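Please read the numbered points alongside the sequence and the model.

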Amino acid sequence: MTGTGGMPVAAAMACAGTAAWLMSDRDAAARRARLLCAGGVPAAGPWTGEKARAGWRRVRGRLRPEAWSLVAGAAVALLGASVVPLLLGAAGMPLLRRVRRAGVADRERERRGDAVIALCGALAGEVRAGRQPGEALLNAAHDSGGLGGARPAVLAAARFGGDVPDALTDAARQPGAEGLVGLAACWRVAVDRGAGLAAGLDRLEGALRAERDQRADLRAQLAGSRSTAVMLAGLPVLGLLLGTALGADPLRVLLHSGPGLGCLLVGGVLEGVGLWWALRIVKGAETA
């Protein structure tokens, strides 16, 4: 493997194919057709700075964060003249995709929780203004957007005299919208027993805000631990860079020798397990 140039050529071809796919404009034909139908002529001017920036933004929009794993693997494969880093980069894409989706889900959960808090405050204000609960819920949901993806079912129940508490309970099954269970309880008590809905909503909003602030404070306290774990995980990369700077050629040892491949395998497994365990501890503290 070391004496042949097949592996570097294959890695270079893979990099070229990836770059060509990313730079290709799949919508060019559709845009050209729209211009011709509208009587316009597609511009064929020079590659200006604005066009370059637009092309780079288009490439960044297409290139998912997990795709950088493949790009980094291809770069190391070219430097080390081995296909192993390219395979490792491709294997890391599903893991990074899972991490990205988990981050998106967390942000969506936080956004939905903030919307529920805003709904409680707006609904309390509408009730104090003298509106009936159904009309107040319609106005508050329209102003705050606090029902998220479950708005149609809850609003239909409020508009046509349906079972609003049951609709709110169903909407509370979405991650981050658990506070709607408390809203359903306040609604049921106010309608069935004639209790003050605004007072209950104020207490519910205060409790939800306190819980959100507590989670934010805990997340801020654990940010240092998470950053430390990620920094420690990057130390092997720093060691490889230092070895390369000193002329030791660690990539040749790791990728083109039996003991080096064994060390790479064992070190990669230990690195992954250690990072997973450290982040699991931090996540467990956040959940608790």
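**Notes on the predicted model**

1. Within helix α6, the buried residues are Gly134, Ala136, Leu137, Leu138, Ala140 and Ala141. The model under review is a predicted one.

2. An α-helix has 3.6 residues a turn, so residues three or four places apart point the same way.

3. A nonpolar patch on the surface is formed by Leu265, Val266, Val269, Leu270, Val273, Trp276, Trp277 and Ile281, whose accessible area together is about 860 Å². One of these residues, Val269, belongs to helix α13, residues 258–287. Val269 counts as partly exposed because its relative accessibility is 47%. Trp277, with a relative accessibility of 46%, likewise counts as partly exposed.

4. One aromatic pair is found in a search of the whole structure. The rings of Trp276 and Trp277 have centres 6.0 Å apart and planes at 50°, so this pair is classed as tilted. Both tryptophans also take part in the nonpolar surface patch.

5. How many disulfides does a search of the whole structure find? The search finds zero. Cys120 is in no disulfide, and the nearest cysteine sulfur, belonging to Cys186, is 7.5 Å away; the cut-off for a disulfide is within 2.5 Å.

6. Is Cys120 buried or exposed? Cys120 has 0% relative accessibility and therefore counts as buried. Cys263, by contrast, counts as exposed, at 53% relative accessibility.

Technical notes
Residues numbered from 1 in each chain as written. Predicted model: local features only at pLDDT ≥ 70, side-chain atom pairs only at ≥ 80, totals over all residues. Heavy atoms only, no water. Buried < 20%, exposed > 50% of the residue type's maximum accessible area, 1.4 Å probe, protein only. Helix = DSSP H or I, 4+ residues; strand = E, 2+ residues; numbered from the N terminus. Patch = residues over 30% accessible without salt bridge, like charges linked within 9 Å, V, L, I, M, F, W, Y side chains within 5 Å. Areas by Shrake-Rupley, 256 points an atom, 1.4 Å probe, with all protein chains shown as cover. Salt bridge = Lys/Arg side-chain N within 4 Å of Asp/Glu carboxyl O. Phe/Tyr/Trp six-rings, centres within 6.5 Å; stacked < 30°, edge-to-face > 60°.
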